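Welcome! Let's walk through this structure together, one question at a time.

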Amino acid sequence: MSVRRGLALRCYGPGQQLKIEELEFAAGEGETLVEMQYAAVTQLDRTVLAGKLAQQMQPPFIPGSEGAGVVVSSGVYAAGTPVVVRGGGLGVSRSGTWGQLAVVPDPSVHLLPSGLDPASAVAMLAPALTAHTAVRRVGQIVQNETVVVTGVTGLVGQLCAAVARAAGAMKVIGLARSDESVEMLEGLVDQIVRVDELGQVGRELPWCNAVIDTVGGPVTSGVMSHITPGGRLVALGYTAGEFATLDLHQLIGRDLRVLPVNMQRTTIEAGTVTAVLTDIAPSRVRPVLEIVAAPQVEAALDLLAAGSADRRVLLDLTRF
């Protein structure tokens, strides 16, 4: 067993400032030692740091639930392999990713596809898992289908379009508000349909097999009338309103299905993370990043609290 020393951020209890300490790291049976490059700063991390999870580590511990780096030693992966790490209780029930090195369970290590840089992979992992679940697992989009994505200018909406394309959709149509720029959608969707300030959908919206609805509200009601018999509406969000009117005559008469996405009840199976990243790698979708040096972790947590839904905050673990 090789032992490496490295710097890490440690939590000594709720409300206490994180401390930088030099520690020993060694991977045991069934574990992989990873030299970390970037780690996400997430709402889950904030919850853990606040001591609000019933079953979590007792201080002191290393936070961090997601990250990317290269393998140092492993019984599964060759040294130098670029990977993303997530799952297995990282940063919750065992020490996490906020350090120069991390010891992680082998099943929590996922190959990083070529063409996707580690910072973007970490930043997009959570929203990409949501998009992948909505499009492939719940919506079950298959080849030659026409798919509508509402709220397509948002990060999750863009990723839904990218995953639908990867799933073989014949045509991807994006719905965007009348005042939104759609330059970032070039090459990602085949058609853009505008939604007015009241949530009314343009009449040029064609028939589709499925709708991935990220916004809810009146938009949900508007797109239902454009779903072909036997089609489905995947409900993913409600930023445009928590309530929608469903036309039962359409719902029953055309045998439509309304399918909710609940990520808290979704099990991420082995191989899913790599499959998700492979889906989005060919697209040009990239998040707005705030990358902060590891010693400025408190500033990173403040950025997360004040940031928008589409902005991702990362720690640069090469800068201690």
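Q: In which loop is Gly91 found?
A: Happy to start here, with two notes on how to read the answers. This is a predicted model, where local features need pLDDT of at least 70, side-chain atom pairs count only at pLDDT 80 or more, and totals for chains, interfaces and linings use all residues. Residues are numbered from 1 along each chain as its sequence is written, and side-chain values use heavy atoms, with hydrogens and water left out. Helices (H or I, at least four residues) and strands (E, at least two) are DSSP runs numbered from the N terminus, and Gly91 sits in the loop between strand E5 (82-86) and strand E6 (101-105).

Q: Is Gly91 buried or exposed?
A: Buried means under 20% relative accessible area, exposed over 50%, and partly exposed in between (1.4 Å probe, protein chains only). The relative accessibility of Gly91 is 1%, so this residue counts as buried.

Q: How many Å apart in space are Gly91 and Gly64, C-alpha to C-alpha?
A: Contact means heavy atoms within 4.5 Å. Leaving aside neighbours within four places in sequence, Gly91 has contacts that include Val48, Met57 and Gly64. Gly91 and Gly64 are 27 residues apart in sequence, yet their C-alpha atoms are separated in space by 4.5 Å.

Q: Where in helix H2 does a kink lie?
A: Helix H2 covers residues 118-138, and its kink is about 55 degrees. The bend at a residue is the angle between axes fitted to the seven residues ending there and the seven starting there. The kink comes shortly before the proline Pro127, at Leu125.

Q: Why is H2 largely enclosed by the rest of the structure?
A: Look at His132, which lies in helix H2. With 12% relative accessibility, His132 counts as buried, and its contacts beyond four places in sequence include Val163, Thr272 and Asp279. H2 as a whole is largely enclosed because its buried residues number 17 of the 21.

Q: Which residue with positive phi follows H2?
A: The phi in question is near 50 degrees. The residue that follows H2 with this value is Gln140.

Q: What is the radius of gyration of the protein chain?
A: The protein chain has seven helices and 15 strands. The radius of gyration is taken over C-alpha atoms, and the globule rule is 2.2 Å times the number of residues to the power 0.38. For 320 residues that rule gives 20 Å, and the chain is close to it, so it is as compact as a globular protein of that length, with a radius of gyration of 21 Å.
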